[in-house]
Amino acid sequence: MSTEKTIPATLIPGDGIGPEIVQSVTEILDAVGAPFKWEKALGGVAALDATGSPLPKETIESIRRTGLALKGPLTTPVGGGFKSINVTLRQEFGLFANVRPTKTIVPGGRFENINLVIFRENLEGYYAAMENYIPYGDDPHAIATSAGYTTRKECNRIVRYAFEYAVKNNRKRVTLVHKANILKLLTGLFLEEGRKVAKEYEGRVEVNERIVDACAMQLVTDPWQYDCIVTTNLFGDILSDLTAGLVGGLGLAPGANIGEKAAVFEAVHGSAPDIAGQNKANPTSLLLAANMMLAHVGRQDLATRIDKAIEKVITSGAVRTGDLGGKASTTDLTAALKQALV
Ligand code: NAD
């Protein structure tokens, strides 16, 4: 490959199973001659241990330089501890759109032919995490409060992104998912902007609306009615784990965080501490995220080659990791995927 065609990109191995799946994915990317020239950077607990900061300034500077990152999962302490680095990265780089496609790969599952995309607003809602305790009596933590917010600007931007995606990718319908019957302002504003944007696409893309709880039920009873779903931050987070479950679980669920000046690609799943360091993790989610990254830089040709290898290996059933009911290791699956590349 000639050097002038390389594309600088930041590579964050991350925590838990992160380094194992990042190793697998970069091997497969190398095998197809992907154009990325990696700048390795630290994030999460790995960074905290090495540098004293969970998000070192070198990592931020690298992403600012490259505008492109592939990221392993990062551990976030539950309850106290440092703020989620994922959330910090989204805010630092204005990564307003979280795109999470769900497609059936494993045949014979409970749900065949699933092919939908969730667009999750990535900067606002309850992820603003403006939380406080209010003391009562002797208990300083007697009451906990959390305030979310949505802005007209971001609601408009995420819905518009979903409609534009639908037009470009020949998708038929966008569903606005909300809870405006209860959170009348917080998600009412989202619905109001959503309807406004939808009008501009009349005749090109259908629109409908669902309350989030009904949507969750329908995603389990009749997921095929959905094509593109656009929703607020927390609902999108929860629904996209649900849709991952429809097609075989978190081992097959990629995500992209898109902003004006940077894009960060990752698996939907976390650092899976229960299987970290055991060569058991399924690297496919991160590999599918790398495919989204290839498409983002105009190399759909390479993404298609990798997609075909994934389909071939997983459909044959001979080499599957534990999450898909198999016994293969991460390295077994990596070798099989490399061999299946044409
Ligand atoms: P998790 O997604 O890490 O794990 C949930 C379950 O799915 C576990 O049983 C795990 O073994 C399994 N699993 C996940 N990915 C897998 C894979 N690739 N192959 C096989 N099995 C897999 O969720 P969690 O345990 O709730 O979170 C662990 C940590 O990850 C937390 O600190 C959380 O904050 C963080 N997290 C990070 C991200 C991110 O970096 N984008 C996303 C979600 C959670």
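Author: Let's start with His-269: an N or O atom in the side chain of His-269 is 3.1 Å from a nitrogen atom of the ligand. That counts as a polar contact, meaning a pair of N or O atoms within 3.5 Å; within protein, one must be able to donate a hydrogen and the other to accept it, and residues adjacent in sequence count only if both atoms are side-chain atoms. Before going on, a word of care: this is a predicted model, where local features need pLDDT of at least 70 and side-chain atom pairs count only at pLDDT 80 or more, while totals for chains, interfaces and linings use all residues. Residues are numbered from 1 along each chain as its sequence is written, and side-chain values use heavy atoms, with hydrogens and water left out.

One of its oxygen atoms lies 2.8 Å from a backbone N or O atom of Thr-76, and an oxygen atom of the ligand is 3.4 Å from an N or O atom in the side chain of Lys-71. On its own the ligand has 820 Å² of accessible area, and the protein covers 69% of that (areas come from the Shrake-Rupley method with a 1.4 Å probe; for residues, only the protein chains shown count as cover). In total, 20 residues surround the ligand, and the closest are Leu-74, Thr-76, Gly-270, Ala-272 and Asp-274; to be listed, a residue needs a heavy atom within 4 Å of the molecule.

Now, where does His-269 sit in the chain? His-269 belongs to the loop between strand E12 (263-267) and helix H9 (284-296). His-269 is buried, at 10% relative accessible area; buried means under 20%, exposed over 50%, and partly exposed in between, using a 1.4 Å probe and protein chains only. Leaving out residues up to four places away in sequence, His-269 touches Ile-17, Ile-21, Pro-73, Leu-250, Asn-282 and Ser-285, where a contact means heavy atoms within 4.5 Å.

That loop between E12 and H9 also holds Ala-281. Ala-281 is buried too, with 0% relative accessibility. Again not counting residues up to four places away in sequence, Ala-281 touches Ile-17, Ile-21, Ile-275, Thr-321 and Thr-330. Asn-279 is in the loop between E12 and H9 as well, but Asn-279 is partly exposed, at 29% relative accessibility. Asn-279 also has a positive phi of about 60°, although it is not a glycine.

Finally, have a look at helix H3 (residues 57-66), where Thr-59, Ile-60, Ser-62, Ile-63 and Thr-66 are buried. They cover an arc of only 160° around the axis, so they sit on the same side of H3; the arc is that of the directions from the helix axis to the C-beta atoms. The face of H3 turned away from that side carries the exposed residues Lys-57, Arg-64 and Arg-65. And what do the buried residues of H3 pack against? Their partners are strand E1 (7-12), strand E2 (36-40), strand E3 (68-71) and helix H4 (85-92). Just after H3 comes Gly-67, with a positive phi of about 70°.

Technical notes
Helices (H or I, at least four residues) and strands (E, at least two) are DSSP runs, numbered from the N terminus.
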